[in-house]
Amino acid sequence: MPSVYIKTYGCQMNERDSEAVAAQLVARGWSLAPSEATADAILLNTCSVRDFAEQKAVGKMQNLAAETRRARPGVVLGFLGCMAQSRGRELIDRLPDVDLVLGTQKFHHTADYLADLLAGRRTKIVDVADESGSEAAIREHLLNGNAKKSVSAFVSIMQGCNQYCTFCIVPYTRGGERSRTIPDIVAECRQLAAGGVREITLLGQIVTSYGRRELPVRDGKSAFVQLLEAVHEIDGLERIRFTSPHPKGYGDDLIEAYGRLPKLCAWAHLPLQSGSDRILKLMHRGDTREHYAGLIAKLRRVRPGIGLTTDIIVGFPGETEDDFEQTLALCREVRFDNAYLFKYSERRDTPAALMPDQVPQTVREDRNQRLLTVINDIGREKYNDYLGRTVRILVEGPSKTNPARLTGRTSCNKIVLLEGAPRHLGQVLDVKVTRTGSFTLYADPAIVNL
Ligand code: SAM
């Protein structure tokens, strides 16, 4: 039976899509190759959010074509996902060794297309068309063989985005918002819980927009809050998270849910993008710094100690030193636990790429460094505060960097490393923090309380 190697670039949605593709292939008798060196098919699941991510995937494919393909002419090479969607056939014109280009609504056809290519029935396949119902096609999981995934799983609840932020390529690569039904999502979550999964992260490009066209508000609760309640009912599930939301999606019903649903983790990833109202307007975010700060205050009132993380873009077209100072000031005021910082990257077909006053790369770099210093300093202080404290963690699996260690997370999304035993996997433990590192907490095995 053939084997496949899938390399994933980008966000959790992409990770989840890759997992569903892998599960689909395994169900059809494929094995998962430990590396590209022996795989019969090598698939790159791509990201288009920034130019750098696209360049990395293109560079990787050039290497595969030059080395792997020359050594093993029968190997199938494919691009999946966002860059495949936005560039389509152009990718094969540029890299003629590529056999398969599969868009974001087509992941569930991977096994059929690979079978055709391997059997020589077709030589090149490009499929980036829209497909109705594809939002419900990302549902198979690969729990066996990956301890971490068998404790914590991602569930894709919707596809697409209608926000059209002026910097963002996602509406063009993922299409408009399409949501799965609550019963369909709950059935998937229930199956995961029955298989031992303790934590589920609900995923969507703007997850808080879930079902807003399809499902009416009921008893003052949005479709997303109705879904949270339904998932909360599932026996065996300990924790629910979601990402990535939009600050606009945090209505009072969702804020109130943080106080009412104990399984809903004390963590919110709230993309800020900029602390300047002028820039937020140019970005078409539909948010203001006052609303954002008010939202943070409300969340902290309803869930004291809530973990708060964010995404920020520096060097958006027209961003002045004063605009940037406002971002720095808001970050100092909010005191995020962590932040993902992005230097603005021009994306083709997006309005911001054509805006005047593009910020020089050196200025983007400088602002990124200055903001990073602020975020790191605040993060260090916040993490140091945990020293000597007992925290409750869900033990997820072996640590990525040191498989002899276990990794767990607090409800507020702090990573905790400890030298526990395999029996701790999937358990909720109270552990004492003995050391803190860069955005990581360390707990002493001797004081694990079970
Ligand atoms: N749900 C998120 C939101 O509210 O905007 C979108 C998630 S997006 C896939 C991840 C992050 O990538 C964004 O929050 C943004 O900070 C960053 N990003 C998107 N487009 C970008 C661009 N053109 N240049 C730099 N960063 C970008």
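1. Strands are DSSP runs of E of at least two residues, helices are runs of H or I of at least four, and both are numbered from the N terminus. The model is predicted, so local features need pLDDT of at least 70 and side-chain atom pairs count only at pLDDT 80 or more, while totals for chains, interfaces and linings use all residues. Residues are numbered from 1 along each chain as its sequence is written, and side-chain values use heavy atoms, with hydrogens and water left out.

2. The ligand is surrounded by 18 residues, the closest being Gln205, Gln273, Arg285, Asp311 and Ser345; a residue counts if one of its heavy atoms lies within 4 Å. The shell comprises 8 nonpolar, 5 polar and 5 charged residues. Here Ala, Val, Leu, Ile, Met, Phe, Trp, Tyr, Cys and Pro are nonpolar, Asp, Glu, Lys and Arg are charged, and the others, Gly among them, are polar.

3. An N or O atom in the side chain of Asp311 is 2.6 Å from an oxygen atom of the ligand. For Arg285, a polar side-chain atom lies 2.8 Å from a ligand oxygen atom. Gln205 instead uses a polar backbone atom, 2.9 Å from a nitrogen atom of the ligand. On its own the ligand has 570 Å² of accessible area (Shrake-Rupley method, 1.4 Å probe), and the protein covers 91% of that.

4. Helix H9 (residues 223-232) packs against helix H10 (residues 252-260) at about 20 degrees, with axes 9 Å apart. The pair is therefore roughly parallel, a label for angles under 35 degrees.

5. Two backbone details deserve a look. The peptide bond from Thr243 to Ser244 is cis, with omega near 0 degrees; Ser244 is in the loop between strand S11 (239-243) and H10. His284, in the loop between helix H11 (277-283) and helix H12 (289-302), has a positive phi, near 60 degrees. Most residues other than glycine have a negative phi, and most peptide bonds are trans.

Technical notes. Polar contact = N/O pair within 3.5 Å; in protein donor to acceptor, adjacent residues only side chain to side chain. Axes fitted to C-alpha atoms, helices over the stretch in contact; angles between N-to-C directions. Parallel < 35°, antiparallel > 145°, perpendicular 65-115°, else oblique.
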